Amino acid sequence: MARFEALYRETYDQIAAYAARRCDFPQDAADVVAETFTIAWRRVADLPPGHEARLWLYGVARKVLADHRRSAVRQRLHSVELDAEMADLYANSPDSGIELSVISTVFRSLSDNDRELLSLVAWEGLGHEEIAAMLGLSRNAMRIRLYRARKRFSRALDEAGVPSTAKSRAIPAGRSL
Amino acid sequence: MRNVDEVNELLRPLARVEPGQPDSRASGTGARALLASITAQEPGVVPRGPGRARRHTLHGPRRLALGVTAAVALATGIVVGPSLLGGRGAAVSYANSAMEIHLEGDQYVARIKDPFADHDKYTQAFHAVGLNVDLRPVPTSPNGVGKILGMIIADRGSSRPDPEATPDPSGPRFNGVPLSMETTPRGCQPGLDDHCIMVMRIPAGFTGDVDVRLGRQAKPGEEYANFDSAMAPGEMFDGVRLREGRPVADILAEARKRNLTVVFSLIRMDAKTGSMSSFDPLPADRVGPGWIVWNAWQVKAGVIRLLVTPDRLPENPFYNGSAPPPAS
């Protein structure tokens, strides 16, 4: 119990951010968070020790999210407070601007797997080993997948006319105007 | 090919929650309630998968634990069967987070659970059952909530309203089946009261297009779509009569009594046709006490707009047939 509570407090922000970055609506993100921790509680005996528990939670959240997207029949627990707190996370959402940037559009055109790998690095700040542990892949397999995802993203950016390096950096900065 | 750093740099600004900036939301009310509700359950009940877990938890103790603030709602896309009755090749039932619609007898019954939802969600649900209904909830004063503010029915195919001697206040009928709107529980205010649902009934055989503007509770500060009901019973200017036009000073006194803020619009008349050509917002300091008020609109909660002319007109322009007369 104490361990679960400690883990919840330690990882809530990360799981909430993970869900919010991947769900278009705060209510969906709230569902993903609620369900992820519910599963963790039910499997509290299986929780891996230490730092790995966080990766394990990411893995659960990822499955919950996939299930959420797939599921045609869905019921949801609806908590007004949780929805509202989650909505706060969306307050400065870059996607809430009038236009999605070219980069965002290109990124969204990638496969779910590619997007997930790239964002685990860029958004969750996970290292190769951590991602491999989370996804249950060998480190090598994960590296290859990540390399290919980056390559596809890079190519798609080229096709969309996003210049590499120096100039491309100006684009995300310009979005906040 | 772009290297890792460059990719990261491109992607970071896209993250809805800025990477690397946790700010301890675990202490929020919702997050704490969630923790409490989860740990109120027996731990160690291993579900087979997330989907299974969800259904267990909805009927389990978590629902009880969140009882006060939580309600269980259906969400996204529940579709039931192709229609055997209508032969439209569409579903007979559909639900998403905003509304659900079912065939019940000779009517489709649409229940709008979330009056603030994105308009597309409603369209999606109506289309799923083969109805061309464009439903737009619009903000209104409390009295306009749940009421149809405007409905355009486009005849198409066999759908024409039945001829009526006196219009049915609940809505037009098609082959004897009414197209109607109500709230349930009766008289509740969607968007204001919890569990208040707007119910729209559409004849199952209806093949035309319907555009409906439906009143929902305005959010604080939101302007009313039923602006022309200011003098109707229960509204801000209930009981005020402007049929003959009244001096600004009188009406200002009336507004003060009711604690209302007043704004003005100048009625411009078209000299040729004798009808109104425009309403132009006018600063209060340019309006004299002897100017004449011909109509009042409710702008939003606590704010009334007076429609004025500097001089008395031969007749109230809102009653000369050039515009629908105000509700009262």
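Visitor: Where in chain A is confidence lowest, and where is it highest?

Guide: Where pLDDT is low, the predicted coordinates should not be read in detail. In chain A, helix 9 (residues 170-174) has the lowest confidence, with a mean of 37, and helix 6 (residues 112-122) has the highest, at 92. Residues 166-177 of chain A have a pLDDT below 50; beyond near neighbours in sequence, this stretch makes 15 contacts in the model.

Visitor: What is the mean pLDDT of chain A?

Guide: The mean for chain A is 79, and 81% of its residues reach 70 or more. Over residues 95-99 of chain A, however, the pLDDT is below 50, and that stretch has 4 contacts beyond near neighbours in sequence.

Visitor: Turning to chain B, how many helices and strands are there?

Guide: Chain B has 6 helices and 17 strands. Of its 328 residues, 34% count as buried. Among contacts between residues at least 6 apart in sequence, 61% join residues at least 24 apart.

Visitor: Which residues of helix 5 of chain B are buried?

Guide: In this helix, residues 119-128, the buried ones are Tyr122(B), Ala125(B), Phe126(B) and Ala128(B). Seen down the axis of helix 5 of chain B, they fall within an arc of 160 degrees, so they line one face of the helix.

Visitor: Which exposed residues does the face turned away from the buried side carry?

Guide: That face of helix 5 of chain B carries His119(B) and Asp120(B).

Visitor: What follows helix 5 of chain B?

Guide: Gly130(B) follows, with a positive phi near 85 degrees.

Conventions. Residues numbered from 1 in each chain as written. Chains lettered and ligands numbered in written order. Predicted model: local features only at pLDDT ≥ 70, side-chain atom pairs only at ≥ 80, totals over all residues. pLDDT = per-residue confidence, 0-100. Helix = DSSP H or I, 4+ residues; strand = E, 2+ residues; numbered from the N terminus. Contact = placed C-beta atoms within 7 Å. Buried ≥ 20, exposed ≤ 12 C-beta atoms within 10 Å, placed from the backbone. Arc of directions from axis to C-beta.
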